[in-house]
Amino acid sequence: MNRFFAKSENIFSDHIVIDGLDVNHIKNVLRMKKDDELMVSGGNNTDYLCSIKEFTDDEIYLSIISANEADRELPCRIHLFQGLPKGDKMEMIIQKCVELGVNEIIPVAMKRSVVRLDDKKAKSKVARWQLISESAAKQSGRTIIPCIHEVMSFKEAVNYAKDMDVKLIPYELCEGMKATKEALSGLKSGMDVAVFIGPEGGLEVEEVEKAKELGIIPISLGKRILRTETAGLAIMAIIMYHLESGE
């Protein structure tokens with residue numbers, strides 16, 4: 001069944017209003033008709049089974065058939081601080097990490113980041129990345145659309161993460177999995193977990209040292225060196241398995 005998202009202010013007791021780009025998609029791409037059914041999420045861990053009631057030029061009115069609690073989000077909120085990669089790698093990272101349950105992704109301009117975005121390019125990129133996040137959220141049955149933040153510097157990123165409950169930074173020079181296991185064992189429902197991933201070429205030693213000073217724990221993802229587009233997926237999969245394997 002086709003799945004869409006609605007703003008919380010557009011969800012009422014007996015109906016939902018769809019607006020924005022989804023209106024054209026429903027009307028002209030999917031060619032849905034009155035009384036056709038679809039699923040809507042509103043970011044509140046609830047799935048709404050709806051039927052199309054009315055079309056207008058820029059809105060679609062849906063009647064709510066039923067509302068059911070959804071349990072598809074991770075019990076911890078994962079915040080991925082991704083060092084800016086080259087090319088279109090960020091698009092794949094966003095798509096796959098959204099499928100794996102990330103809560104938000106913060107692009108970070110680190111010392112070894114080859115890509116340098118001016119304000120205009122950064123805003124355009126973030127807008128596109130947000131659309132990719134929404135598409136992946138629909139495909140994977142998420143009940144929220146993970147937010148893609150504006151690009152931050154490393155200093156801004158560590159400051160943004162300072163009050164999060166657990167802060168991790170996978171680092172290729174960190175030996176053994178002891179720190180990784182200890183960090184995972186401390187994860188509890190409701191926690192905010194920050195994960196920092198370096199760009200191509202990895203993290204500078206001074207970035208890791210600065211992170212450690214601020215309580216960010218270096219961990220290993222195994223004996224092999226992972227590409228930047230692999231590392232985020234690996235830690236997301238590890239965290240997802242750890243949090244959900246006991247259910």
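Mentor: A residue counts as buried when its relative accessible area is under 20%. This model is predicted, and in it four of the five residues of β3 are buried, leaving that strand mostly covered.

Trainee: In what order do the five strands of the open sheet lie?

Mentor: As a general idea, strands of a sheet pair through backbone hydrogen bonds, in either a parallel or an antiparallel sense. Here the order is β1-β3-β4-β5-β2, and the pairing is mixed. Because β1 (3–5) and β2 (15–19) each have a single partner strand, they stand at the edges, and one side of each lacks a neighbour in the sheet. From one strand to the next, the twist averages 40°.

Trainee: Which strands does β3 pair with, and in which sense?

Mentor: β1 and β3 run parallel and are joined by three bridges; arginine 3 stands opposite methionine 39 of β3. With β4, β3 pairs in the antiparallel sense over five bridges, and valine 40 has tyrosine 48 of β4 as its bridge partner. A hairpin is formed by β3 and β4, with four residues between them, and glycine 43 in the turn has a positive phi of about 80°.

Trainee: How many bridges join β2 to β5?

Mentor: Five bridges join this antiparallel pair, in which β5 spans residues 59–69. Aspartate 19 faces glutamate 59 of β5.

Trainee: Where does helix α1 lie?

Mentor: Helix α1 (residues 21–29) lies across β1, β2, β3, β4 and β5, and runs at about 95° to β2.

Terms used:
Residues are numbered from 1 along each chain as its sequence is written. This is a predicted model: local features need pLDDT of at least 70, side-chain atom pairs count only at pLDDT 80 or more; totals for chains, interfaces and linings use all residues. Side-chain values use heavy atoms; hydrogens and water are left out. Two strands pair if DSSP finds at least two bridges between them. Helices (H or I, at least four residues) and strands (E, at least two) are DSSP runs, numbered from the N terminus. Axes are lines fitted to C-alpha atoms, for helices over the stretch in contact, and angles run from 0 to 180 degrees between N-to-C directions. Contact means heavy atoms within 4.5 Å. Buried means under 20% relative accessible area, exposed over 50%, partly exposed in between (1.4 Å probe, protein chains only).
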